[in-house]
Amino acid sequence: MDFEPYRRELLAHCYRMLGTPDEAEDVVQETYLRAIRGFENFEGRASVRTWLYRIATNACLTALEQRSRRPLPSGLGAPSADPDAPPTPAEPGDAWPRPIPDALITAEDPAEIAVARESVRLALIAGLQLLPPRQRAVLILREVLAFPAPEVAELLGTTVAAVKSTLQRARVTLRAAPDVEEPTEPEQRELLERYMSAFMNSDLAALEQLLRDDAVIEPVPSRTWFAGKRTCVAFLRHVMGEPGEWHMTPTRANGQPAAAAWYRGEPFGVAVLTVGRGGIARITVFGFPDLVERFAGS
């Protein structure tokens, strides 16, 4: 049996559950191994796709038993009112979500690309990490993948009534993020180019023009984040450095424009932009140097 046609969607599913591409890829590999070993016992009562989702979801739930949640800084507390104070460093037990390259989870079909990008938006991934694992699984299976409630109950070994009540609790916890009307793709690319140019030229005024009044900056890994254009600009003044210290290349992460960044010639991390009409609404900066190699060529 050829399971490869399901790899991209299973990877996206495991990423939604776990919040990091590396863990998601490990679980997909585990799913394939379990499927190959157990295929002779597959009775065909459900489709192969549903059967693979059952294996993958339960593997994710097992993985989630061993670790804590992975929120972004905005999931840990209120924004900082002092952009001049040093950011609060991560604590030893802190774990963070990481972005995923669009290239890993999108196919060539334009309709499939749009669906895949929409279902891994960074705001959704961050919100999902706040849910208990089974609530997370039910919400993803029902509202992202549109599995019927009886199938979800069968898949998770529970009842339809339990699925419905779990979904209701998940919806209460995960309040819908406000809609951000996105510019067209060419407009997004232009915003990204202007963002990168402003940083590489240390042009704070140009960067300020790109930010919406309600802009947010989340630098990971730290527990500090900033809200409001004035506060964000004051914080950026401390990190822009001199012209030429930053180098950036365009990429895409979580269905959003992004930039892989080097600082003084060394890999720094990836900045993921949430863009809307009127400019950049959110900059989530993942300061993990190992991400640069993953994203620079995607």
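Gln256 touches Asp102, Arg121, Leu122, Thr251, Val272, Leu273 and Thr274, leaving aside residues up to four places away in sequence; contact means heavy atoms within 4.5 Å. The model is predicted: local features need pLDDT of at least 70 and side-chain atom pairs count only at pLDDT 80 or more, while totals for chains, interfaces and linings use all residues. Residues are numbered from 1 along each chain as its sequence is written, and side-chain values use heavy atoms, with hydrogens and water left out.

Gln256 lies in strand β4 (residues 256-263); strands (E, at least two residues) and helices (H or I, at least four) are DSSP runs numbered from the N terminus. With 4% relative accessibility, Gln256 counts as buried, a term for under 20% relative accessible area (1.4 Å probe, protein chains only). Its side chain reaches the backbone nitrogen of Leu122 at 2.9 Å.

An open sheet of 6 strands runs in the order β2-β1-β6-β5-β4-β3, with mixed pairing; two strands pair if DSSP finds at least two bridges between them. β2 (226-227) and β3 (246-253) stand at the edges with a single partner strand each, so one side of each lacks a neighbour in the sheet. Strand β1 (residues 211-220) pairs with β2 in the antiparallel sense over 2 bridges, and Ile217 stands opposite Phe226 in β2.

Two helices pack on the sheet, as tabulated. Axes are lines fitted to C-alpha atoms, for helices over the stretch in contact, and angles run from 0 to 180 degrees between N-to-C directions.

| Helix | Strands touched | Angle between directions |
|---|---|---|
| α10 (residues 185-200) | β3, β4, β5 (266-276) and β6 (279-286) | about 155 degrees with β3 |
| α12 (residues 229-239) | β1, β2 and β3 | about 45 degrees with β1 |

Note on methods: Buried means under 20% relative accessible area, exposed over 50%, partly exposed in between (1.4 Å probe, protein chains only). A polar contact is a pair of N or O atoms within 3.5 Å; within protein, one must be able to donate a hydrogen and the other to accept it, and residues adjacent in sequence count only if both atoms are side-chain atoms.
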